[in-house]
Amino acid sequence: MGIREELLKRFIESGERERLQEILRSKLHSSGWQDRVKDRCQRVVHENTEGIEKLTVDDMAEEVTPYARSAVPEDVKTEILEDIRAFIFRALPESEN
């Protein structure tokens with residue numbers, strides 16, 4: 001097993017992934033991100049010229065995903081990435097640090 005796979009396994013098994021997902025959910029909710037993405041989804045539905053019956057989940061994801069990613073507040077991205085880096089540093093064997 002490569003180092004990436006080993007780190008991912010530890011990340012999941014330690015509960016760190018779930019902990020960070022919960023922090024991310026909470027921060028996105030408190031920042032209003034979910035409401036902005038929901039509004040964007042509603043706009044896509046209303047602006048769809050082919051009718052709601054022809055709008056697929058894949059179409060919706062293609063339209064909304066780039067906006068949703070760009071709308072994540074920078075401080076939230078930074079905090080989560082710092083937490084991931086800290087986990088990796090703690091999880092690497094001493095010879096890797």
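Trainee: Helices are DSSP runs of H or I with at least four residues, strands are runs of E with at least two, and both are numbered from the N terminus; in which helix do E16 and R19 lie?

Mentor: Both are in helix α2, residues 16-31, where they sit three residues apart, about one turn of the helix. This is a predicted model, in which local features need pLDDT of at least 70 and side-chain atom pairs count only at pLDDT 80 or more, whereas totals for chains, interfaces and linings use all residues. Residues are numbered from 1 along each chain as its sequence is written, and side-chain values use heavy atoms, leaving out hydrogens and water.

Trainee: And how do the side chains of E16 and R19 meet?

Mentor: They form a salt bridge (a side-chain nitrogen of Lys or Arg within 4 Å of a carboxyl oxygen of Asp or Glu), with 2.8 Å from N to O. E16 and R19 are also linked with R90 in a network of salt bridges.

Trainee: Is E16 buried or exposed?

Mentor: E16 counts as buried because its relative accessibility is 9%, the classes being buried under 20%, exposed over 50% and partly exposed in between, with a 1.4 Å probe and protein chains only. R19, at 40%, is partly exposed.

Trainee: What about E79 and K27, how do they meet?

Mentor: Their side chains make a salt bridge at 3.3 Å, N to O. E79 belongs to helix α5 and K27 to helix α2, so the pair ties together parts 52 residues apart in sequence.

Trainee: Switching to helix α1, which residues pair there?

Mentor: E6 and R10, four residues apart in α1 (residues 3-13), meet in a salt bridge of 3.1 Å, N to O.
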